[in-house]
Amino acid sequence: MESKIEVLSTLTIQNSPDLYKVVDSLNRTLKEKDLMFGLALDSENQEKAIFTIYRT
């Protein structure tokens, strides 16, 4: 079975030590709504994070 993941939005924001907690909470709360959230460090600027919202 093939899973299709669609990127809905991407945002670059200031990195914070607790930012992953927000993403984790969103993933746990909204997985039943077919939404998934991602967080990655910006490869060009480690002080920035890339927040992405996906539809699964």
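**Ground rules.** I number residues from 1 along each chain as its sequence is written. Because the model is predicted, I take local features only at pLDDT of at least 70 and side-chain atom pairs only at pLDDT 80 or more, while totals for chains, interfaces and linings use all residues, and side-chain values use heavy atoms, with hydrogens and water left out.

**Strands E2 and E3.** I looked up E2 (residues 35-41) and E3 (residues 48-55) and found them antiparallel, paired over seven bridges. Strands here are DSSP runs (E, at least two residues), as helices are (H or I, at least four), numbered from the N terminus; two strands pair if DSSP finds at least two bridges between them. A hairpin of six residues leads from E2 to E3.

**Strand E1.** I turned to E1 (residues 6-14), which pairs with E3 in the antiparallel sense over eight bridges. Here I noted Leu11, bridged to Phe51 in E3.

**Asp34.** Next I visited the loop between helix H1 (19-30) and E2, where Asp34 lies. Its phi is near 60 degrees, a positive value in a residue other than glycine.
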